[in-house]
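Thanks for coming, everyone. Let me put today's chain on the screen, and then I'll walk you through its charged pairs.

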Amino acid sequence: REIAMVQKTKTKKALKRVFVLLLIFVILCLCTITTANLIVVSSTRNSMYEVDSEDLLSQVGQRDCIVILGCQVMPDKTPSIMLEDRLRTGVELFRAGVSDTIIVSGDRTGDYDEVSSMKNFLVSEGVPPEAIITDFYGFSTNETVRNVSQVYNMKRVCFVTQEYHLSRTIYLGERYGVDSVGVCARGHVFRWQPYYTGREILARTKDFFLTLID
């Protein structure tokens, strides 16, 4: 019986140590995530604008290009509501004279093609086809921004995406040596926004450390 009691006590102590270590690990992870997000968001806050801002052109300035980031395309090859909001915002910036060039960047895998859908929509809204550059290798935000900087050699860029996603995009642009501003795509409030925001918190953390290593 004494041996059993001793063994039980040792097991409790071991479990307590495991719990404490796990708690410390969780706290460290939360601190890391919070710090990375605060740095990304606070460093880009003054570079974000609304499309309906008064005298938007003077705030954003003339840019080498407007970059519209891709997202889901529907089975009938039309933009999703989220993507359409981005595209309409990009059209407004183009018409306002922010730039005479638009880069549409997104995923193209097999029959799935965000970029062609984006270009077709822009053309239907009156943007000349020759004003549109198609980047079929924007498989992630990081890759889109890197392509804009290193493949297309753009130095002054206006990024267009939803507000929750814009901080990371601008931050990546600055890290890749691009003078970056962003305009929030407006139009709809999304039912799944808490999920998008939670995923973005983790993505900011990932890209914050990736840019430190790269």
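**Salt bridges in the chain**

A search of the whole structure turns up nine salt bridges, each one a side-chain nitrogen of Lys or Arg within 4 Å of a carboxyl oxygen of Asp or Glu. Two notes on the source. This is a predicted model, where local features need pLDDT of at least 70, side-chain atom pairs count only at pLDDT 80 or more, and totals for chains, interfaces and linings use all residues. Residues are numbered from 1 along each chain as its sequence is written, and side-chain values use heavy atoms, with hydrogens and water left out.

Start with R168. Its side chain meets E200 in a salt bridge, 2.7 Å from N to O. R168 sits in helix α6 (residues 163–175) and E200 in helix α7 (residues 193–213), 32 residues apart. Helices here are DSSP runs of H or I, at least four residues, numbered from the N terminus.

R168 also bridges to D207, with the closest N and O atoms 2.6 Å apart. D207 lies in helix α7, so this pair ties together parts 39 residues apart in sequence.

Are these residues buried or exposed? Buried means under 20% relative accessible area, exposed over 50%, partly exposed in between (1.4 Å probe, protein chains only). R168 is buried at 9%. E200 is buried at 4%, and D207 is buried at 2%. Together with K206, they are linked in a network of salt bridges.

Now another pair. R88 and E125 meet at 3.6 Å, N to O. R88 is partly exposed at 37%, and E125 is partly exposed at 25%.

Notes: Helix = DSSP H or I, 4+ residues; strand = E, 2+ residues; numbered from the N terminus.
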